[in-house]
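Open the structure in your viewer and switch to a cartoon view. We will go from stop to stop.

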Amino acid sequence: MDISKEAGITDNEHTMAVTSADFDNNGFADFLAIKRGDLVTENESLLYLNTGDGRFQKAKTHGILSPELGAIGLGIEVLDYNKDGKMDVILCNERGKWHLFKNGDLAKGNFVLVDLGPETAGKSTALGALITVEAGGKTQVKRSGTTGAMYSRSADRYVHFGLGTADKIDRIEIRLTDGTVYTIEKPVINSVASLSR
Ligand SMILES: [Ca+2]
Ligand SMILES: [Ca+2]
């Protein structure tokens, strides 16, 4: 069943890639799509914010825009390059440049960045791990790995969770694909919670 219209997703565009993250840290996953563009006007990406009630609201002043005329929008991916708990965006064009967009005022809620640590010889990889965060009476689960890469499977060792108005974190559980489970009890909110193994 196609529920796009009921969910508030109304665009009819030629898009090339989509990625997902909690851009406003309200505790619900949002999504961002890059348009192919028409070569003769600036190419503004499409950002939809999850309102938490099964609907999305289109963000209007996010500033994720490529000014390069003649370039085709091709790929988009999220990362928190400066580790401030606000998810940033890397955008790449075909026949053009890459652009990095820093998340400023958009992310208003609390957060935690879970650092899965470096890969260790002889131990199971953190790629594909299930991370569960319990905070503010809510439970969120994410799997480590990229959401936006079209032709590869890669992982950022930092996994981001927006926590909305929660003021503390009860527990983080990390379950690797070999079944090993690690827990971090009561990590500090609005910081990096590191897994040691
Ligand atoms: Ca959100
Ligand atoms: Ca950031």
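In what order do the strands of the open sheet of four strands lie? The order is S12-S11-S14-S15, and the pairing is antiparallel. Keep in mind that this is a predicted model.

**Stop 1: the sheet and its edges.** Select S12, residues 138-143, and then S15. Both stand at the edges, and each has a single partner strand, so one side of each is left without a neighbour in the sheet. Now look along the strands. Neighbouring strands here are turned by 15 degrees against each other on average, direction ignored. As a rule, strands of a sheet pair through backbone hydrogen bonds, either parallel or antiparallel.

**Stop 2: S14 beside S15.** Select residues 169-175, which make up strand S14. Five bridges pair S14 with S15 in the antiparallel sense. Pick Arg171 and find its bridge partner in S15, Glu185.

**Stop 3: Val181.** Stay in S15, residues 181-185, and click Val181. Is Val181 buried or exposed? Val181 is exposed: 11 other C-beta atoms lie within 10 Å, and the cut-off for exposed is 12 or fewer. Leaving aside neighbours within four places in sequence, Val181 is in contact with Glu173 and Arg175. Next, draw a distance from Val181 to Gly8. Their C-alpha atoms are separated by 38 Å, and the two residues are 173 residues apart along the chain.

**Stop 4: the largest nonpolar core.** Select Val112, Val114, Ile131, Val133 and Ile172. These have the most contacts inside the largest nonpolar core, which has 18 residues. The elements giving two or more residues to this core are S10 (110-115), S11 (130-135), S13 (158-164) and S14. Zoom in on Val114. Not counting residues up to four places away in sequence, Val114 touches Ile131, Tyr158, Val159, Ile172 and Ala193.

**Stop 5: a second core.** Move to Tyr48, Leu49, Ile76 and Leu91. They are among the 15 residues of a second, separate core. In soluble globular proteins, nonpolar side chains tend to be buried together.

Stop 6: Select residues 46-50, strand S4. Four of its five residues are buried. Leu49 stands opposite Gln57 in S5.

**Last stop: the turn.** S4 and S5 form a hairpin with five residues between them. Click Gly52 in that turn; its phi is positive, about 90 degrees.

Key: Residues are numbered from 1 along each chain as its sequence is written. Chains are lettered from A and ligands numbered from 1 in the order in which they are written. This is a predicted model: local features need pLDDT of at least 70, side-chain atom pairs count only at pLDDT 80 or more; totals for chains, interfaces and linings use all residues. A residue is buried if 20 or more other C-beta atoms lie within 10 Å of its own, exposed if 12 or fewer, and partly exposed in between; C-beta atoms are placed from the backbone. Two residues are in contact if their C-beta atoms, placed from the backbone, lie within 7 Å. Two strands pair if DSSP finds at least two bridges between them. Axes are lines fitted to C-alpha atoms, for helices over the stretch in contact, and angles run from 0 to 180 degrees between N-to-C directions. A nonpolar core is a set of buried Ala, Val, Leu, Ile, Met, Phe, Trp, Tyr and Cys residues joined through C-beta atoms within 7 Å.
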